[in-house]
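Here is a short briefing to read alongside the structure. Take a moment to look it over, then follow the topics one by one.

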Amino acid sequence: MSALLYGRCLRSVVVREGLRFVHQRERFFAALVRPLVWLALFAVGFRAVLGLSIIPPYETYILYEEYVVPGLVGMIQLFNGMQSSLSMVYDREMGSMKTLLVSPLPRWYLLVCKLLAGVMVSILQAYVFIAVAWFWDVQPPPLGYLAVFPALVASGLMLGSLGLLLSSFIKQLENFAGVMNFVIFPMFFASTALYPLWRIREGSPTLAWVAELNPFTHAVELIRFALYLRFDATALLAVLAALVVFLGGAIAAYDPGRGFWARRGGPAEQG
Amino acid sequence: MDPRLRGDDERERWLTVPMSSAFVTSTSAPAEEAVPSSPVLTVEGLSHRFGERTVLDGVSFAIPAGRFTALLGLNGAGKTTLFSLVTRLYNHRHGTIRVFGVDMLRQPTQALARIGVVFQQPTLDPDLTVMQNLRYHGGLHGLSRAVIEERAREELARIGLSDRAGERVRTLSGGQRRRVEIARALLHRPSLLLLDEPTVGLDIDLRRQVLEHVHELCRTQGLAVLWATHLIDEVLPGDGVVVLHRGRVLASGSVEEVCAGTGTLGEAFARLTGGGGR
């Protein structure tokens, strides 16, 4: 089948996500303000508490603000992935997801379109944030802004896939608070987003072990290294492995033959 | 070929199925020109269960081209499940569903490309304009931008909403939204239109308008329509009827055939279901 038809479908989903994002200005500001609050308040307060030694990819002593920016970029993508998940659950409850699912292209491709559209929005938000962070004197090498792009694509795909997978487990919108408590917060705090691994290990070797297994840690490190023109192969492999698992799970969960609708029935099965 | 339309011949390949098992016609041609050689939709021995609960049990019927067929059943009869299976929201495990002879499980892409659907719940995005909603749907069906614009103009003119194309769906009335959903379902020129209780929430006048509009589509476009409802007064003389009750088809045929020897459709429905129709 023609790539052109697939391309039109992708364009259509991306344009719709873009329009929804533009219409929901408060979502954009919330996505930008959240990491800025961390940078402006949390990071300033922690600057004195957390002394950082020289660790890769940094070649000199750095301020805490500089350390935390890649973690906050990861946070933007993590929250964006969850926002996509929330909108999938909402679309499913409201019925509008059916428009997507009854279109002729394969279900896996439709999910990938949704995923790519979400990643595009998250990358846009991430770039706006690192541009604002520049004024906070967090100024990576200029080429780092270019090098971070593929890292943002990989981490965005992985976290977006996690959102898709989670959306298939959430039966109702009200259950979303559980996802925040049991997935987002543990993933964020048990990672290297806020403190380096050696610091975590000093506090708790078990937590450091959890952080090393946490795919979000690897997403953050991939972004951190790329932003400073270094390549972290382990992080990339870990992110790609997590992507395969999460996306595979999401595709299986939305599969018309095995998926959750086949087991439970769709919304409004009263007719 | 108009360069704007490049690629639409490729979309046509989705619709191309063997002549031996299908009926190929343009839905834009009048019904008289169509040459029906087999039913548009054939459902045979369809059964489905959720856990231990049997929702559909050996359902069989066929829908011919150019006919309005009502799927008549009370709430809980299995209409929405049937629609979900015919539109492949999820797969069936027992029985077959064929659209123009194309098996839904084996060639879902070809089958779905020929179906237009209006679900019971509104599925338009209220924050997007009418035109943006139509573009989204057209894109999902692989239509080019030029084709979408042209057909959207035609369909909106047909439902008398050309002047509302740039307005957000949120500002439209319930009846207007329903008509936009029907226009959207027709954008990719389906041969089979499925509507699941499309008049829910509409007042009597709007209900009549939507019903007349869809009947006219059958007459003028040769469209096969399956209209799920629990309202007997939505079925008109000459329509087809499939009576679904507790997951089973109790009767199917023309209204006249189903009513034979009973009187009105309401009486026939009450007799068949052992209770009162609404």
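A residue counts as buried if 20 or more other C-beta atoms lie within 10 Å of its own, as exposed if 12 or fewer do, and as partly exposed in between, with C-beta atoms placed from the backbone. By that rule, 50% of the 278 residues of chain B are buried. This is a predicted model, where local features need pLDDT of at least 70 and side-chain atom pairs count only at pLDDT 80 or more, while totals for chains, interfaces and linings use all residues. Residues are numbered from 1 along each chain as its sequence is written, and chains are lettered from A and ligands numbered from 1 in the order in which they are written.

**Chain B as a whole**
- Chain B has nine helices and 10 strands; helices (H or I, at least four residues) and strands (E, at least two) are DSSP runs, numbered from the N terminus.
- Two residues are in contact if their C-beta atoms, placed from the backbone, lie within 7 Å. Among the contacts in chain B with a separation of 6 or more, 70% come from residues 24 or more positions apart.

**Where the two chains touch**
- On the chain A side, 34 residues are in contact with 41 residues of chain B.
- The elements giving two or more residues to this side of chain A are α1 (3–23), α4 (97–101) and α12 (260–264). The largest share, 10 residues, comes from α1(A).
- By class, this side of chain A has 14 nonpolar, 13 polar and seven charged residues. Here Ala, Val, Leu, Ile, Met, Phe, Trp, Tyr, Cys and Pro count as nonpolar, Asp, Glu, Lys and Arg as charged, and the others, Gly among them, as polar.

**The nonpolar core**
- A nonpolar core is a set of buried Ala, Val, Leu, Ile, Met, Phe, Trp, Tyr and Cys residues joined through C-beta atoms within 7 Å.
- In the largest one, with 158 residues, those touching the most other members are A:Met158, A:Leu222, A:Ile223, A:Val239, B:Val214 and B:Val225.
- Setting aside neighbours within four places in sequence, A:Ile223 has contacts that include A:Pro70, A:Val73, A:Val148 and A:Leu152.

**Two helices of chain A**
- Helix α5 (residues 107–134) and helix α11 (residues 233–254) of chain A pack at about 125 degrees, with axes 9 Å apart. Axes are lines fitted to C-alpha atoms, for helices over the stretch in contact, and angles run from 0 to 180 degrees between N-to-C directions.
- That angle makes α5(A) oblique to α11(A), because angles under 35 degrees count as roughly parallel, over 145 as roughly antiparallel, 65 to 115 as roughly perpendicular and the rest as oblique.
- A:Arg107, A:Trp108 and A:Leu111 of α5(A) meet A:Ala250, A:Ile251 and A:Tyr254 of α11(A). This contact has five nonpolar, no polar and one charged residues.

**Three arginines in loops of chain B**
- B:Arg170 is in the loop between α5 (145–158) and α6 (174–186) of chain B. B:Arg170 is exposed because 12 other C-beta atoms lie within 10 Å. Leaving aside neighbours within four places in sequence, B:Arg170 is in contact with B:Pro126 and B:Asp127.
- Most residues other than glycine have a negative phi. B:Arg88, however, has a positive phi of about 60 degrees. B:Arg88 sits in the loop between α2 (79–86) and β4 (94–99) of chain B, and is buried, with 22 other C-beta atoms within 10 Å.
- B:Arg189 also has a positive phi, near 55 degrees. B:Arg189 lies in the loop between α6 and β7 (192–196) of chain B, and is partly exposed, with 18 other C-beta atoms within 10 Å.
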